[in-house]
Amino acid sequence: MKVKRKSAEKSYYLPAILKGMVFTLKTFFRNLFNKKQRITLNYPEEYYPYSSRFKGNHILTVKKDGSLRCTACMLCATNCPAHCIKITASESDDPEVEKYPISYEIDMLRCVFCGFCEEACPVDAIRMGPQWQTPALSGENTVYDIRHLAYRKELKSGVLSVVDDKERIRAGL
Ligand code: SF4
Ligand code: SF4
């Protein structure tokens, strides 16, 4: 049987190489002179916004007085499959509130963004928001504490919980 050989042009992939080079040069000059059309961003200073429904970085919600909604019941930490939530609880001075967290930390390098913590919380104290930027210069900066989870500057003065104390007590939570 006669073997059909490829032409020299085809076997050296010349057309494909030239096509690739033309495309690369075209994109290079377009990005160089037309910043508006540039599709790359200077991450992490710039980034594309995610959908408002995206389940990203956690938020600890607050009550109307700005204090944490969390009652330190530990359900989120117990349900977390990655064991990345660490809570230290303390007794509250408020007779209607049994406990509150004096420390609440999430190790974002271990989190798998499964959403179990949000599902487990009976008082809408933890939510997962649309942000998903977790760049850090060291591992220590990836452990988010109360200051970051509830009061980071993007959240302004905090995200209000939909469950207020009266509803919570009525529901026996
Ligand atoms: S999203 Fe999942 S892994 Fe991350 S803290 Fe919540 S329960 Fe844990
Ligand atoms: S489940 Fe909700 S209320 Fe309970 S410790 Fe977690 S965030 Fe706080």
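1. In this predicted model, the largest nonpolar core comprises 20 residues, and Leu60 and Leu149 have the most contacts inside it. At least two residues of this core come from each of strand S1 (58-60), strand S3 (99-107) and helix H5 (146-151).

2. Leaving aside residues up to four places away in sequence, Leu60 touches Leu68, Cys70, Tyr104, Ala125, Ile126, Ile146, Leu149 and Ala150. Two of these contacts, Cys70 and Ala125, are also among the residues that come nearest to ligand 2.

3. An open sheet is formed by three strands in the order S2-S3-S5, with antiparallel pairing. Strand S2 (85-91) and strand S5 (143-144) are the edge strands, each pairing on one side only. Seven bridges join S2 and S3 in the antiparallel sense; within S3, Glu105 is the bridge partner of Lys86.

4. Around ligand 1 there are 14 residues, of which Cys80, Cys111, Cys114, Phe116 and Cys117 come nearest. The shell contains 12 nonpolar and two polar residues, and no charged ones.

5. Ligand 2 has 13 residues around it, and those that come nearest are Cys70, Cys73, Cys76, Cys121 and Ala125. Its shell divides into 12 nonpolar residues and one polar residue, again with no charged residue.

6. The domain assignment places residues 8-37 in domain 1 and residues 58-170 in domain 2. Taken over C-alpha atoms, the centres of domain 1 and domain 2 are separated by 49 Å.

Technical notes
Residues are numbered from 1 along each chain as its sequence is written. Chains are lettered from A and ligands numbered from 1 in the order in which they are written. This is a predicted model: local features need pLDDT of at least 70, side-chain atom pairs count only at pLDDT 80 or more; totals for chains, interfaces and linings use all residues. A residue is near a molecule or strand if its C-beta atom, placed from the backbone, lies within 6 Å of it. Ala, Val, Leu, Ile, Met, Phe, Trp, Tyr, Cys and Pro count as nonpolar, Asp, Glu, Lys and Arg as charged, and the others, Gly among them, as polar. Domain bounds come from an automatic or database domain assignment. A nonpolar core is a set of buried Ala, Val, Leu, Ile, Met, Phe, Trp, Tyr and Cys residues joined through C-beta atoms within 7 Å. A residue is buried if 20 or more other C-beta atoms lie within 10 Å of its own, exposed if 12 or fewer, and partly exposed in between; C-beta atoms are placed from the backbone. Helices (H or I, at least four residues) and strands (E, at least two) are DSSP runs, numbered from the N terminus. Two residues are in contact if their C-beta atoms, placed from the backbone, lie within 7 Å. Two strands pair if DSSP finds at least two bridges between them.
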